Amino acid sequence: MTRARMPRPHEVAAARRDPRLLRALSERRLDDAWRTRGVCQSVDPETFFPAPSEPADSAVALCRTCDVQGPCLAWALEVGDCHGVWGATTPRERRAMLVAWRDQVEHDPDAVGDAGPPVRDRLLTLVPLSSSRR
């Protein structure tokens with residue numbers, strides 16, 4: 001198992017300009033049902049989770065043909081997922097993007113839209129039904 005390292009400053013600077021990250025920021029809250037339309041729905045999930053010694057080229061190529069790359073990458077960055085291929089990015093690319101993402105979302109929330117709190121802050125609340133039946 002390899003140990004993930006912190007991205008270097010030049011990697012984060014490049015990530016800030018990456019069109020995939022910019023797309024994820026702009027499409028962050030536009031499509032809640034993006035998973036149902038992903039190209040990945042028709043492919044073996046293991047394709048998107050190659051072993052550390054295997055290349056992720058085939059998964060990235062499939063993602064590049066997908067219409068929901070932006071929301072997919074936004075979801076992975078929102079939850080901090082650093083495994084597998086999401087939104088046509090590898091885990092290494094996402095580590096650098098994650099630094100840029102968090103900086104952008106936390107320091108300038110207006111730049112990414114006013115669509116409510118991050119996914120992790122929107123928890124489902126279960127409310128008991130009143131016992132009106134006898």
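Pro50 counts as partly exposed because its relative accessibility is 23%, where buried means under 20% relative accessible area, exposed over 50% and partly exposed in between, with a 1.4 Å probe and protein chains only. The model is predicted, so local features need pLDDT of at least 70 and side-chain atom pairs count only at pLDDT 80 or more, while totals for chains, interfaces and linings use all residues. Residues are numbered from 1 along each chain as its sequence is written, and side-chain values use heavy atoms, with hydrogens and water left out.

To find Pro50, look in the loop between helix H2 (19–26) and helix H3 (57–64); helices are DSSP runs of H or I with at least four residues, numbered from the N terminus. Beyond its neighbours within four places in sequence, Pro50 is in contact with Pro55 and Ala56, contact being heavy atoms within 4.5 Å. His83 is 33 residues from Pro50 in sequence, and their C-alpha atoms are 9.3 Å apart.

Next comes helix H4 (residues 69–79), which is largely enclosed by the rest of the structure because 9 of its 11 residues are buried. Among them are Cys72, Leu73 and Leu77. Just after H4, Gly80 has a positive phi of about 75°.

| Class | Lining residues |
|---|---|
| Nonpolar (Ala, Val, Leu, Ile, Met, Phe, Trp, Tyr, Cys, Pro) | 15 residues |
| Polar (the others, Gly among them) | 4 residues |

Methods. Helix = DSSP H or I, 4+ residues; strand = E, 2+ residues; numbered from the N terminus.
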